[in-house]
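Subject: Structure for your review

Dear colleague,

Please find the structure below, handed over for your review. I would be grateful if you could read the notes after it with the structure open.

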Amino acid sequence: MRERHVWRFAEAGRRLASAATALGVQAPSFRTPPRVAGLDRTIRRAPGGSVLISVRSRGRAWPAVLADMIEGVVHANDLAPREAARLRDELWKATEGIEAEATPVAESPSLPLPDTAEVQQAA
C-alpha cells in the first residue's frame, strides 16, 4: 500500500509541474511531509525564486492531499482571483485519473513447486 501512496504523490507532482509550465506559470517542487509538525501544507520560497510546496499525505484522504497540492501551485503564483480559478480548473484536469492508475504493487507470483517426493536429494 505504501508504494501506491508514494506513486500517487510523485505522479501528481509531475503532472502539476508539467501543467503549470504549459500554462505559463511557475512550476513548484513538491515534497512530503512538511517540516513543520502539525501543518498539512507549507510553502517555502527560496531566494532564487524557486518554490517548494510540502504537503502532509500520510493519514489523509487522497482528494484532500491533491487539493493542497493544487492550492499550493495557485498560492505560489500569487494570481488574481479569475486567473487563479482558471489555473485551479486546469490543474484538476491535469490530475484526473491518478487514483485509477495507482494500482497496488503486484505480489510475487506463486511458483509451482514439486512435491517433496519429487525433489532429488544431493549426494
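This is a predicted model: local features need pLDDT of at least 70, side-chain atom pairs count only at pLDDT 80 or more; totals for chains, interfaces and linings use all residues.

The protein has four helices and three strands, arranged along the sequence in the pattern α-β-β-β-α-α-α. Of its 123 residues, 32% are buried. Among contacts with a separation of 6 or more, 51% join residues 24 or more positions apart. The accessible surface amounts to about 8,300 Å², and carbon and sulfur atoms account for 54% of that area.

The largest nonpolar core comprises 21 residues, and those with the most contacts inside it are L16, F30, M69, V73 and L91. At least two core residues come from each of α1 (2-22), β3 (51-55), α2 (62-77) and α3 (81-94). The largest share is that of α2, which supplies eight residues. As for F30, its contacts beyond the neighbours within four places in sequence are F9, G13, L16, L52, I53, M69 and V73.

The axes of α2 and α3 lie 10 Å apart, and the two helices pack at an angle of about 135°. The crossing of α2 past α3 is right-handed. On the α2 side, the contact is formed by P63, L66, A67, I70, E71, V73 and V74, and on the α3 side by A84, L87, R88, L91 and W92.

Yours sincerely

Note on methods:
Residues are numbered from 1 along each chain as its sequence is written. Side-chain values use heavy atoms; hydrogens and water are left out. Buried means under 20% relative accessible area, exposed over 50%, partly exposed in between (1.4 Å probe, protein chains only). Contact means heavy atoms within 4.5 Å. Accessible areas come from the Shrake-Rupley method with a 1.4 Å probe; for residues, only the protein chains shown count as cover. A nonpolar core is a set of buried Ala, Val, Leu, Ile, Met, Phe, Trp, Tyr and Cys residues joined through side-chain atoms within 4.5 Å. Axes are lines fitted to C-alpha atoms, for helices over the stretch in contact, and angles run from 0 to 180 degrees between N-to-C directions. A crossing is left-handed if the near helix is turned anticlockwise from the far one by less than a right angle, and right-handed if clockwise.
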